[in-house]
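Subject: Structure handover

Hello,

Here is the structure I promised to pass on. My notes follow below it.

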Amino acid sequence: MGLPAADFAEIINNIQAEIAAARARSANAAPRIHLLAVSKTRPAAEAAACWQAGQPLGLAALAENKVQELLEKKSKLPADIRWHFIGHLQTNKVKQVLGQAELIHSLDSWHLAEEINRRAETLQIVVKCLLEVNVAAESSKFGLRPDELWDFCKSARDLPGVRICGLMTVAPAVDNPEQARPVFAELRSLRDELRQRAEKVAYSHLDLQELSMGMSNDYKVAVEEGATMVRLGSLIFGARVYR
Ligand SMILES: *Cc1c(COP(=O)(O)O)cnc(C)c1O
């Protein structure tokens, strides 16, 4: 079961080379791109092997989309592993996840932001979050509408426990990754626009640097369009089997 560390090293090396190549061919690419390995559904030992092999090769963190699974794996594995949370977060799980993940990619409602803030203030921490954006307005997806973002950012002044570090999106599932390009380009332009507006009014609670976009099928296009974080699962671990 699971891949030996040498295979993870080879896979991650190849991915880093692809990321570097995609970056080199586009003027819109970000100067630094963080590779995240999405270890959801994979056993803890496999996640650990991936981290061990990947971290020296620039793997930035492991990412999980379910609170319970994140906590279970974390409790079994070395404390130096960095974790991000990328799934839809229910308000009743906020308490459990705070302090456990360095970045929450999936802040998708004001109600959730208020709950994160409330818990963060109790713990006296500031929680780094990305705003999840439903760029293509798919009814099946979580995420804020593009036209809600600026009001959300402005109102977040009143939530000192929440730090908004950028935007995240899950592109529509398409056959040809080129079809996802407009979605990624749109997320970049939304981030740039928000950043300009925030600079004008000197909002210090906003730090709109990050663009979390790109998965196994479309990460090269996402890098070309300015991703600062790509979230790769099946490309690193193989196809997921849901049990
Ligand atoms: C599962 C998941 C990924 C990784 O998907 P792959 O296609 O396996 O790379 C990335 N982002 C989110 C939010 C996910 O849930």
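**An enclosed helix**

Helix α2 is largely enclosed by the rest of the structure, because nine of its 11 residues are buried. Buried here means under 20% relative accessible area, exposed means over 50%, and partly exposed is in between (1.4 Å probe, protein chains only). Helices are DSSP runs of H or I with at least four residues, strands are runs of E with at least two, and both are numbered from the N terminus. The buried residues of α2 are Ala44, Glu46, Ala47, Ala48, Ala49, Cys50, Trp51, Ala53 and Gly54.

Two caveats on the source. This is a predicted model, in which local features need pLDDT of at least 70 and side-chain atom pairs count only at pLDDT 80 or more, while totals for chains, interfaces and linings use all residues. Residues are numbered from 1 along each chain as its sequence is written, and side-chain values use heavy atoms, with hydrogens and water left out.

**Pockets**

Rolling a probe the size of a water molecule over the atoms shows where empty space is left. A pocket is an open set of points on a 1 Å grid over the protein atoms alone, where a 1.4 Å probe fits, with protein on both sides within 12 Å along at least five of seven lines; lining residues have an atom within 4 Å of a point. Volume is the space filled by probe spheres set on the points, with grid points joined across faces, edges and corners.

The largest pocket holds about 750 Å³ of space. It is lined by 31 residues, and Lys40, Val170, Met215, Arg231 and Arg240 are the closest to its centre. By class, that lining has 13 nonpolar, 10 polar and eight charged residues. Ala, Val, Leu, Ile, Met, Phe, Trp, Tyr, Cys and Pro count as nonpolar, Asp, Glu, Lys and Arg as charged, and the others, Gly among them, as polar.

The second largest pocket has a volume of about 330 Å³. Its lining has 17 residues, with His34, His84, Glu102, Glu210 and Met229 nearest the centre. Strands β1 (34-38), β2 (59-64), β6 (162-168) and β7 (206-212) each supply at least two of the lining residues. The largest share, three residues, comes from β7. This lining divides into six nonpolar, four polar and seven charged residues.

**Ligand**

Which residues surround the ligand? They are Val38, Lys40, Ile86, Val170, Met215, Ser216, Arg231, Leu232, Gly233, Ser234 and Arg240, where near means a heavy atom within 4 Å.

Now the polar contacts, which are pairs of N or O atoms within 3.5 Å. (Within protein, one atom must be able to donate a hydrogen and the other to accept it, and residues adjacent in sequence count only if both atoms are side-chain atoms.)

- Arg231 places a polar side-chain atom 2.9 Å from a nitrogen atom of the ligand.
- Gly233 has a backbone N or O atom 2.8 Å from an oxygen atom of the ligand.
- Ser234 has a backbone N or O atom 2.7 Å from an oxygen atom of the ligand.

**Salt bridges**

Side chains of opposite charge can pair when their charged atoms come close. With a salt bridge taken as a side-chain nitrogen of Lys or Arg within 4 Å of a carboxyl oxygen of Asp or Glu, the count comes to 18.

Arg25 and Glu224 form one of them, at 2.5 Å, N to O. This pair links distant parts of the chain: Arg25 is in the loop between α1 (5-24) and β1, Glu224 is in helix α8 (residues 219-224), and they are 199 residues apart. Glu224 is buried, at 12% relative accessible area.

Glu225 and Arg181 meet at 2.8 Å, N to O. Glu225 lies in the loop between α8 and β8 (229-232) and Arg181 in helix α7 (residues 181-200), so the pair ties together parts 44 residues apart in sequence. Glu225 is buried too, with a relative accessible area of 8%.

Arg25, Glu178, Arg181, Arg188, Glu224 and Glu225 are linked in a network of salt bridges.

**Backbone**

Thr41 is not a glycine, yet has a positive phi of about 70 degrees. Its place is the loop between β1 and α2 (44-54). Ala137 also has a positive phi, about 50 degrees, without being a glycine. Ala137 lies in the loop between β5 (127-132) and α6 (149-155) and is exposed, at 65% relative accessibility.

Best wishes
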